[in-house]
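Please find my notes on this model below, as numbered points.

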Amino acid sequence: MSEAARSLLQRWGASFRKGTDFDSWGQLVEAIDEYQMEWQQLLRDFACLMFSFLPRWKILARHLQKEAQSQHNNSEFTEDQKKTIAKIATCLELRSAALQSNQSQDEFKLEDLKKLEPSTLLPRLPSEPGMTLLTINIEKIGLKDAGQCIDPYITVSVKDLNGIDLTPVQDTPVALRKEDTYVHFNVDIEIQKHVEKLTKGAAIFFEFKHYKPKKRFTSTKCFAFMEMDEIKAGAIVIELYKKPTDFKRKKLQLLTKKPLYLHLHQTLHKE
């Protein structure tokens, strides 16, 4: 895939998540606007809009379907990606119509739409002589109510002492399974900056998030962080803290006194 196509897919994904976040929080007007308007703006980068007289969600659907059905050899997308694009187009149409309908929104639920939501995991950076890259495998997290968490995932970010992002934020896919007091992920996160280039006092944060159907929004349940002196090859367990996430690490409260942790495995890559 070309860099242009990769960039376009990342921007589509960001807009998709923004719309589903509004949807999760019960901000339906904002969700409809995002589904209909933001995606149109993104599609202007993809192709000239030929159906400007149509509602914006139909514009999106038509263009995505057109790309999905494309037969020419120089298409930016593979056949599997075209199938995914076609699914997204159909699901956006169904969810947008459900939100605007006076009937039950159960005709096409938010949970159905979010099944298509891509994670934001990024590939490993190119290696540089003398520089170290870090891969963190998120194995599992221990929680006393692990089995009750709906669609759990982890947001990973690298912050400086002031809580400012040093790298792009990444979301894992939804957890693989839940067993006893553990939520299992087994997913690799590629830190998007060489270790030697991280500022003094930086930390890597892990925010555990899950969906609350009664309140209809995605909530942060707890968080953990790893400081620079903890970057070492091999397994590590780190403590869990109560929300809200304190990126400045000023007022930290442990989530529980029980021996429940975030389990990670680090791999260092150095040329």
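1. Glu-179 and Arg-177 form a salt bridge, with 3.0 Å between the closest N and O atoms. The term means a side-chain nitrogen of Lys or Arg within 4 Å of a carboxyl oxygen of Asp or Glu. Glu-179 is partly exposed, at 38% relative accessibility. Arg-177 is partly exposed as well, at 40%. The classes are buried for under 20% relative accessible area, exposed for over 50%, and partly exposed in between, using a 1.4 Å probe and protein chains only.

2. **Basis of the values.** This is a predicted model, in which local features need pLDDT of at least 70 and side-chain atom pairs count only at pLDDT 80 or more, while totals for chains, interfaces and linings use all residues. Residues are numbered from 1 along each chain as its sequence is written, and side-chain values use heavy atoms, with hydrogens and water left out.

3. **Other salt bridges.** Another joins Lys-159 and Asp-165, at 2.6 Å from N to O. How accessible is Lys-159? Lys-159 is buried, at 7% relative accessible area. Asp-165 is partly exposed, at 39%.

4. **Overall make-up.** The protein has five helices and 10 strands. Both are DSSP runs numbered from the N terminus: helices are H or I with at least four residues, strands are E with at least two. Of its 271 residues, 45% count as buried. Take the contacts (heavy atoms within 4.5 Å) between residues at least 6 apart in sequence: 65% of them join residues at least 24 apart.

5. **The five-stranded sheet.** This sheet is open, with order S3-S2-S6-S7-S9 and antiparallel pairing. Strand S3 (170–171) and strand S9 (241–242) are at the edges; each has a single partner strand, so one side of each lacks a neighbour in the sheet. Strands count as paired if DSSP finds at least two bridges between them.

6. **S6 and its partners.** Nine of the 10 residues of S6 are buried, so the strand is mostly covered. Eight bridges join S6 to S2, running antiparallel. Tyr-153 stands opposite Lys-209 in S6. On the S7 side, 10 bridges join S6 (residues 203–212) to S7 (residues 217–227), also antiparallel. Phe-206 stands opposite Ala-224 in S7, and Phe-208 opposite Cys-222. The hairpin of S6 and S7 has four residues between the strands, and Arg-216 there takes a positive phi near 60°.

7. **S1 and its partners.** Nine of the 11 residues of S1 are buried, so S1 is largely enclosed by the rest of the structure. S1 pairs antiparallel with strand S10 (residues 261–270) over nine bridges. Here Leu-133 has His-269 as its bridge partner. S1 also pairs antiparallel with S5, over seven bridges. Ile-136 has Ile-189 as its bridge partner in S5.

8. **Asn-186.** This residue lies in strand S5 (residues 182–190). Buried or exposed? Asn-186 is exposed, with 54% relative accessible area. Leaving out residues up to four places away in sequence, Asn-186 touches Asn-137, Ile-138, Glu-139 and Leu-176. The C-alpha atoms of Asn-186 and Asn-137 are 6.3 Å apart, across 49 residues of chain.

9. A cavity is a set of points on a 1 Å grid over the protein atoms alone where a 1.4 Å probe fits but cannot get out; lining residues have an atom within 4 Å of a point. Grid points are joined across faces, edges and corners, and the volume is the space filled by probe spheres set on them. The largest cavity has about 30 Å³. Its lining includes Val-156, Thr-167, Pro-168, Ile-189 and Gln-192. S2 gives the most to this lining, with three residues. The lining has five nonpolar, four polar and no charged residues. Nonpolar covers Ala, Val, Leu, Ile, Met, Phe, Trp, Tyr, Cys and Pro; charged covers Asp, Glu, Lys and Arg; the others, Gly among them, are polar.

Definitions and conventions: On a 1 Å grid over the protein atoms alone, a cavity is a set of points where a 1.4 Å probe fits but cannot get out, and a pocket is an open set with protein on both sides within 12 Å along at least five of seven lines; lining residues have an atom within 4 Å of a point.
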